[in-house]
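My notes are in the order I looked things up.

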Amino acid sequence: MDENYLSEFNYRFNRRFDMPSMISRLGRAAVNTAPMPDRLLKLPDVQWKPG
């Protein structure tokens, strides 16, 4: 299972310099993501506290 995490990190680390690919993936994600109302965007982050 640990090799899966290492493989994912390696994949993301190696793709960080491919700017044309990043721009197209960001555009695709922006187009395919549903809009979110301002009231949900402005909600405070909830911090998880153990126990």
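The entries below go from overall build to single side chains.

**Ground rules.** I am working from a predicted model, in which local features need pLDDT of at least 70 and side-chain atom pairs count only at pLDDT 80 or more, while totals for chains, interfaces and linings use all residues. Residues are numbered from 1 along each chain as its sequence is written, and side-chain values use heavy atoms, with hydrogens and water left out.

**Overall build.** I began with the secondary structure and got 3 helices and 0 strands. For these I used DSSP runs numbered from the N terminus (helices are H or I with at least four residues, strands E with at least two). Read from the N terminus, the order is α-α-α. The radius of gyration is 17 Å, well over the 10 Å from the globule rule for 51 residues, so the protein is more spread out than a compact globule. That radius is taken over C-alpha atoms, and the rule is 2.2 Å times the number of residues to the power 0.38. Along the principal axes, the C-alpha atoms fill a box of roughly 40 × 35 × 15 Å.

**Surface and burial.** How much of the protein counts as buried? I get 2% of the 51 residues. Buried means under 20% relative accessible area, exposed over 50%, and partly exposed in between (1.4 Å probe, protein chains only). The accessible surface comes to about 5400 Å², with 62% of it on carbon and sulfur atoms. The areas are from the Shrake-Rupley method with a 1.4 Å probe; for residues, only the protein chains shown count as cover.

**Helix H1.** I checked its length: 14 residues reaching 20 Å from first C-alpha to last, close to the 20 Å expected at 1.5 Å a residue. The expected span is 1.5 Å times one less than the number of residues. Buried residues in H1 number 0, and the helix is hardly covered.

**Salt bridge.** My search of the whole structure turned up 1 salt bridge, meaning a side-chain nitrogen of Lys or Arg within 4 Å of a carboxyl oxygen of Asp or Glu. Glutamate 8 and arginine 12 make it, at 2.5 Å from N to O. They sit 4 residues apart in helix H1, about one helical turn. Glutamate 8 is partly exposed at 37%, and arginine 12 is exposed at 58%.

**Ring pair.** Next I counted aromatic pairs and found 1. Phenylalanine 9 and phenylalanine 13 have ring centres 5.7 Å apart and planes at 25°, so I logged them as stacked. The rule pairs rings of Phe, Tyr and Trp (its six-membered ring) with centres within 6.5 Å; planes under 30 degrees apart are stacked, over 60 edge-to-face, and the rest tilted. Phenylalanine 9 is exposed at 53%; phenylalanine 13 is partly exposed at 40%.

**Helix H2.** This helix covers residues 19–32 and reaches 20 Å over 14 residues. The number buried is 1, so H2 lies largely in the open.

Leucine 40 is in helix H3 (residues 38–41) and is partly exposed at 37%. Lysine 49 falls in the segment after H3 and is exposed at 68%. I also took a C-alpha distance: lysine 49 and proline 20 are 40 Å apart in space and 29 residues apart in sequence.
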